[in-house]
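The sequence and model come first, and the notes follow by topic.

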Amino acid sequence: MLTAFAVLLSVTAVLAYLNERTLRLPTTVGVTLAGALASIGLITLDALGVPGLRGWAAGLLQTLDFTDFVLNGILSILLFAGALGLDAGQMVRQRVSILTLALLSTLISTFLIGFAAYFVFALVGLNVPLIWSLLFGALISPTDPVAVLDLLKRARVPARIETLIAGESLFNDGVGVVIFLVLAGLAGFGGSHAEPSVAGALALFVREALGGLFFGALLGGLGYALLRSIEQHAVEVLITLAVVVGGYVAASALGISGPLAMVVAGLVISATKDRAFGAETRAHVEGFWETIDQVLNILLFAFIGLDVLLTETTGPQVVASVLLIGASLAARWLSVALPFALVRAREGYGAYTVRLLTWGGLRGGIAISLALSLPDSPYRTHVVTVTYAVVLFTIAVQGLTIMPLVHRAAESSGEAARP
């Protein structure tokens with residue numbers, strides 16, 4: 001495992017360096033595309049009869065296990081770092097719109113994409129059952145906070161719009177994972193320990209979501225109490241790491257949502273950091289979390305690109321992928337526009353905000369991790385392949401073409417983009 005991680009780290013460093021020296025694309029987009037191209041190159045060499053390279057690279061990637069690497073590894077750190085870097089007070093002021101989108105938008109999108117996938121798979125002859133199609137809808141509906149936050153930092157959107165997009169992304173990530181676990185419980189797999197019934201699914205949803213929110217608040221409060229009583233930056237960094245890593249493991253053991261717990265814990269410490277840290281200590285702690293966030297972010301997106309190497313693709317899967325990319329975009333627009341109508345007038349958002357939320361709805365490592373966590377089945381490879389296609393499209397196409405919408409959203413809201 002250490003060898004595999006060392007190779008991944010080294011390859012990622014090379015890809016990031018080449019991107020900065022030549023392409024100068026946003027780092028997440030650049031390393032993802034470069035990793036995907038490298039994977040395609042190895043597949044091509046293997047098809048041309050060059051032995052060994054593809055099998056060796058695939059073996060290293062399988063050693064790391066993408067699902068464990070993300071869901072049981074770096075996800076807790078990335079979510080906490082993302083929440084810590086946001087303005088918690090601004091999020092509280094926009095809480096109605098953020099929570100409305102995070103919950104209703106994710107639920108609506110899950111069922112829209114799920115039913116669309118069911119008909120698309122049938123149309124191309126793959127005949128994936130409805131419950132598997134709904135699982136695809138659940139895992140692809142949440143916008144990935146890692147991808148979205150990196151995009152927002154580079155796009156320099158107005159603060160209020162940034163808070164809306166980032167807040168929705170952080171919370172709908174946790175909501176999406178909970179919905180996925182609920183559907184997995186109904187399907188009779190997934191290790192969710194829920195009864196395969198509507199009542200069991202509802203109980204699981206309440207326990208995971210509300211339990212995660214409450215536990216995250218407790219973790220954040222405990223972290224604040226410890227941090228405010230000392231003034232030594234190395235120890236305070238260690239405390240925040242313990243809150244994140246230890247808290248995530250504890251949440252998993254308790255059967256509650258670790259992602260939601262990490263978001264809330266990060267927001268609590270963000271809201272209290274003026275009192276928890278001295279000026280010098282705060283600079284050290286925030287610098288640490290910003291750096292580790294950026295490094296793990298780049299590493300994750302390189303892994304996404306390289307993991308294309310493990311995906312076997314057939315003609316019907318390619319057709320289904322193209323159709324479901326369009327269906328996912330349409331579902332994202334509808335799932336944002338419908339609940340947003342309830343809060344738009346109240347919050348005073350501009351006309352382009354829905355379009356920005358739609359096109360800025362990037363997917364990333366969480367969707368792929370959930371897809372790869374599905375049990376062995378004749379349908380698993382169809383879901384995994386389509387998931388990769390949607391993720392790569394959102395990163396490569398939407399991520400590179402978002403800036404015009406950012407400027408129009410800023411103009412329609414009467415706010416200037418941040419310098």
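A nonpolar core is a set of buried Ala, Val, Leu, Ile, Met, Phe, Trp, Tyr and Cys residues joined through side-chain atoms within 4.5 Å. Buried stands for under 20% relative accessible area, exposed for over 50%, and partly exposed for values in between, with a 1.4 Å probe and protein chains only. The largest core of this kind has 118 residues. The model is predicted, so local features need pLDDT of at least 70 and side-chain atom pairs count only at pLDDT 80 or more, while totals for chains, interfaces and linings use all residues. Residues are numbered from 1 along each chain as its sequence is written, and side-chain values use heavy atoms, with hydrogens and water left out.

**The nonpolar core**

- F136, L139, F171 and F340 are the residues with the most contacts inside the largest nonpolar core.
- Helix α4 (residues 66-84) gives this core its largest share, 13 residues; helices here are DSSP runs of H or I with at least four residues, numbered from the N terminus.
- Contact means heavy atoms within 4.5 Å. Leaving out residues up to four places away in sequence, F171 touches M91, I98, L99, A102, L213, L260, V263, V264 and L267.
- In soluble globular proteins, nonpolar side chains tend to be buried together.

- α4 has 19 residues, and 16 of them are buried.
- From its first C-alpha to its last, α4 reaches 25 Å, close to the 27 Å expected; the expected span is 1.5 Å times one less than the number of residues.
- α4 bends by about 60° at I74, where the bend is the angle between axes fitted to the seven residues ending at a residue and the seven starting there.
- D65 sits in the loop between α3 (53-64) and α4. Its phi is near 65°, a positive value in a residue other than glycine.
- D65 counts as partly exposed because its relative accessibility is 32%.
- At the start of α4, a side-chain oxygen of D65 reaches to within 3.0 Å of the backbone nitrogen of T67.

- The 21 residues of helix α2 (residues 27-47) should span 30 Å at 1.5 Å a residue, and the end C-alpha atoms are 30 Å apart, which agrees.
- Buried residues in α2 include T27, T28, V29, G30 and V31.
- Just after α2, G49 takes a positive phi of about 100°.
- N127 lies in the loop between α6 (95-123) and α7 (130-140). The phi of N127 is near 50°, again a positive value in a residue other than glycine.

**Salt bridges**

- The structure holds 4 salt bridges. A salt bridge is a side-chain nitrogen of Lys or Arg within 4 Å of a carboxyl oxygen of Asp or Glu.
- Side chains of opposite charge can pair when their charged atoms come close.
- R332 lies in helix α14 (residues 315-347) and E168 in helix α9 (residues 159-187), so the pair ties together parts that are 164 residues apart in sequence.
- Both R332 and E168 are buried; for E168 the relative accessibility is 1%.
- Not counting residues up to four places away in sequence, the residues that E168 touches include I98, L101, A102, T143 and R332.
- K273 forms a salt bridge with E286, and their closest N and O atoms are 2.9 Å apart. K273 belongs to helix α12 (residues 258-276) and E286 to helix α13 (residues 279-306), so the pair ties together parts that are 13 residues apart in sequence.
- K273 is buried at 10% relative accessibility, whereas E286 is partly exposed at 28%.
- The side chains of R282 and D274 meet in a salt bridge at 2.2 Å, N to O. Salt bridges that share partners join K273, D274, R282 and E286 into one network.
- R282 counts as partly exposed at 25% relative accessibility, and D274 as exposed at 61%.

**T394**

- T394 is located in helix α17 (residues 380-398).
- With 2% relative accessibility, T394 counts as buried.
- Apart from neighbours within four places in sequence, T394 is in contact with G361, L362, R363 and G399.

Notes: Helix = DSSP H or I, 4+ residues; strand = E, 2+ residues; numbered from the N terminus. Polar contact = N/O pair within 3.5 Å; in protein donor to acceptor, adjacent residues only side chain to side chain.
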